[in-house]
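Please open the model in your viewer and keep the sequence panel beside it, so that each selection can be followed in both places. The tour begins with the whole chain and then moves to a single residue.

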Amino acid sequence: MLRLPFRDGFYEINPSKIICLGRNYAEHAKELGHEVPKEPVIFLKPPSALIGPNQTIILPKKSREVHHEVELAVIMGKRGKNIPRERAMDYVLGYTILLDITARDLQWKAKRKGLPWTVAKGFDTFAPIGPRIVPKEELDPSDLEIGLKVNGEVRQLSRTSKMIFKIPEIIEYISSIMTIEKGDIIATGTPEGVGPLRHGDTVEAWIEGIGVLKENVLAERSILC
């Protein structure tokens with residue numbers, strides 16, 4: 001069971017689903033050649049993709065181009081359906097960092113064929129999370145620095161104020177489609193600067209007020225040899 005520090009103890013991370021937003025920062029949409037969406041673009045990652053802090057992202061043999069994407073993650077505190085944005089924050093437990101690791105080559109290949117691209121998002125270790133959960137009462141997520149380094153080099157740097165759809169809107173939209181369960185995770189999208197990860201890399205992702213999530217990167221081939 002994955003546990004993260006929360007208040008004076010720990011919180012067990014055991015979501016029924018991880019709901020992610022695509023293209024929620026305009027500059028990221030542009031860097032991938034997409035239009036800025038008029039309503040949230042959502043997809044799912046499996047809970048089996050989760051790993052905790054100071055663990056290892058595995059680059060799968062099936063992919064030659066795996067990218068990092070740092071995101072503010074919302075941990076939901078209770079079950080809800082058709083939640084109005086005015087009450088959305090009543091359902092939030094707190095905030096943490098999530099890395100939406102993406103096999104970009106597999107994603108592009110699927111998109112060109114008009115196929116779903118779950119394969120690009122769903123590998124084991126493709127959802128690192130941490131280093132802790134900050135209670136919603138202790139953090140205003142509306143304008144925080146968000147960034148990521150690979151081997152000490154800054155790759156992503158932005159602010160959460162640049163999100164197109166804000167957290168209450170996101171919760172309202174998602175809950176109009178599916179019931180949100182206690183413990184579910186909503187990843188709110190990544191800013192520009194996504195790029196490749198290589199065997200032996202060290203990734204450090206941070207969000208102001210939450211901390212730094214650090215992970216190592218290894219190729220699957222090296223583990224099997």
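What follows is a short walk through a predicted model, from the overall fold to one position.

If you turn the view along the principal axes, the C-alpha atoms fill a box of roughly 50 × 40 × 30 Å.

Next, show the surface, of which the chain exposes about 10,100 Å², with carbon and sulfur atoms supplying 50% of that area. Of the 225 residues, 51% count as buried. Colouring by charge brings up 32 positive and 30 negative side chains, and the centres of these two sets lie 5 Å apart.

Then display contacts between residues at least 6 apart in sequence, of which 77% join residues at least 24 apart.

Now select V150, which you will find in strand β12, spanning residues 145-150. Is V150 buried or exposed? With a relative accessible area of 1%, V150 is buried, because the cut-off for that class is under 20%.

Which residues does V150 touch, once its neighbours within four places in sequence are set aside? Select H68, R155, L197, D201 and T202, each of which is in contact with V150.

Terms used. Residues numbered from 1 in each chain as written. Predicted model: local features only at pLDDT ≥ 70, side-chain atom pairs only at ≥ 80, totals over all residues. Heavy atoms only, no water. Buried < 20%, exposed > 50% of the residue type's maximum accessible area, 1.4 Å probe, protein only. Contact = heavy atoms within 4.5 Å. Areas by Shrake-Rupley, 256 points an atom, 1.4 Å probe, with all protein chains shown as cover. Lys, Arg positive; Asp, Glu negative; His and termini not counted. Charge placed at Lys NZ, Arg CZ, Asp CG, Glu CD. Helix = DSSP H or I, 4+ residues; strand = E, 2+ residues; numbered from the N terminus.
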